[in-house]
Amino acid sequence: MSFRATVLTLYPEMFPGPLGTSLAGRGLTDGLWSLEACNIRDHAIDKHRTVDDTPAGGGAGMVLRVDVLAAALDAVADGRPMLAMTPRGAPLTQTKVRELAAGEGAIILCGRFEGFDERIFEARPVEPMSIGDYVLSGGEVGAMVLLDACVRLLPGIMGAASSGEEESFEEGLLEYPHYTRPVDWEGRTIPEVLRSGDHAKIAAWRKQRAIDDTRLRRPDLIERHGGAREAPPSGAQREE
């Protein structure tokens with residue numbers, strides 16, 4: 001069964017957007033996955049198609065109504081995971097991406113304005129999800145990020161299945177650096193070990209560079225995995 005993505009948004013015209021090009025776009029054309037963008041406004045209950053209202057307790061902005069959100073979710077619910085893109089959600093990880101990519105797909109709810117009425121998370125099995133510690137105008141870009149990360153892992157999307165194995169976060173580390181021709185450029189040469197033909201030495205060098213670069217650039221990843229040189233899979237915690 002192909003991966004099926006349903007996006008609930010106030011701006012369905014934003015899709016497929018970037019997902020309609022490159023690897024994801026080719027997979028979409030070839031039927032390796034499907035994408036449906038549904039307008040949340042279709043589930044408004046008044047003649048003005050109102051989807052938001054003022055925050056309870058006062059404050060700036062508007063909040064997406066829980067009754068409208070629930071109706072939109074109920075219309076497409078079929079057992080697939082339901083996610084809501086919001087900066088208040090858990091950080092998206094490569095482990096979560098692989099979990100989703102291995103399933104039948106996902107239903108993604110895109111936030112706007114000040115966000116969602118919190119009761120939607122109490123009444124429906126919706127998982128809040130964030131793509132980073134910053135705020136966007138809406139959840140659509142976040143949904144595209146999540147789907148792109150998932151789709152590239154689907155069978156038949158990438159030319160070689162191994163392309164998705166040795167990458168950043170797959171072993172709890174950043175990926176090692178890459179080089180290609182020319183060997184010498186502006187006095188900078190490709191490391192000799194990569195030109196040695198010794199696969200064992202190359203593997204060891206790549207592993208050490210991954211560890212060193214992660215310690216330098218993302219010490220939080222090293223800390224998350226207990227400082228282990230042989231880090232567990234991304235997102236997993238080292239057992240004491």
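The paragraphs below go through the pocket, the salt bridges, a surface patch and some backbone features of a predicted model. Local features are given only at pLDDT of at least 70 and side-chain atom pairs only at pLDDT 80 or more, while totals for chains, interfaces and linings use all residues. Residues are numbered from 1 along each chain as its sequence is written, and side-chain values use heavy atoms, with hydrogens and water left out.

The largest pocket holds about 700 Å³ of space. A pocket here is an open set of points on a 1 Å grid over the protein atoms alone, with protein on both sides within 12 Å along at least five of seven lines, and its lining residues have an atom within 4 Å of a point. The volume is the space filled by probe spheres set on the points. The lining counts 34 residues, and T86, R112, E114, G115 and F116 are the closest to the pocket centre. Two or more lining residues come from each of β4 (63–64), α2 (66–76), β5 (82–91), α4 (119–123) and β7 (126–130). These elements are DSSP runs, with helices (H or I) of at least four residues and strands (E) of at least two. The largest contribution is from β5, with 4 residues. By type, the lining divides into 15 nonpolar, 10 polar and 9 charged residues; in this division Gly counts as polar.

Helix α4 also contains F121. F121 is buried, at a relative accessible area of 18%, where buried means under 20%, exposed over 50% and partly exposed in between (1.4 Å probe, protein chains only). The C-alpha atoms of F121 and A84 are 9.1 Å apart in space, although 37 residues separate the two in sequence.

The structure has 15 salt bridges, each a side-chain nitrogen of Lys or Arg within 4 Å of a carboxyl oxygen of Asp or Glu. One of them joins R80 to D78, with 3.0 Å between the closest N and O atoms. R80 is buried at 7% relative accessible area, whereas D78 is partly exposed at 38%. K96 and E99 form another, at 3.3 Å from N to O. These two residues are separated by about one helical turn because they lie 3 residues apart in helix α3 (residues 94–101). K96 is buried, with a relative accessible area of 13%. R188 and E186 are paired at 3.8 Å, N to O; here R188 is exposed at 55% and E186 is exposed at 59%. Salt bridges with shared partners also join R4, D78, R80 and E104 into one network.

E186 has a backbone feature as well: its phi is near 50°, a positive value in a residue other than glycine. E186 sits in the loop between β8 and β9 (188–189). F113, also not a glycine, has a positive phi of about 60°. F113 belongs to the loop between β6 (105–110) and α4 and is partly exposed at 41% relative accessibility.

Next come the cis peptide bonds. One joins F15 and P16, with omega about 5°, and P16 lies in the loop between β1 (3–9) and α1 (22–29). The bond from R181 to P182 is cis, with omega near 5°, and P182 lies in the loop between α5 and β8 (184–185).

V145 is in helix α5 (residues 140–151) and is partly exposed at 39% relative accessibility.

Conventions. On a 1 Å grid over the protein atoms alone, a cavity is a set of points where a 1.4 Å probe fits but cannot get out, and a pocket is an open set with protein on both sides within 12 Å along at least five of seven lines; lining residues have an atom within 4 Å of a point.
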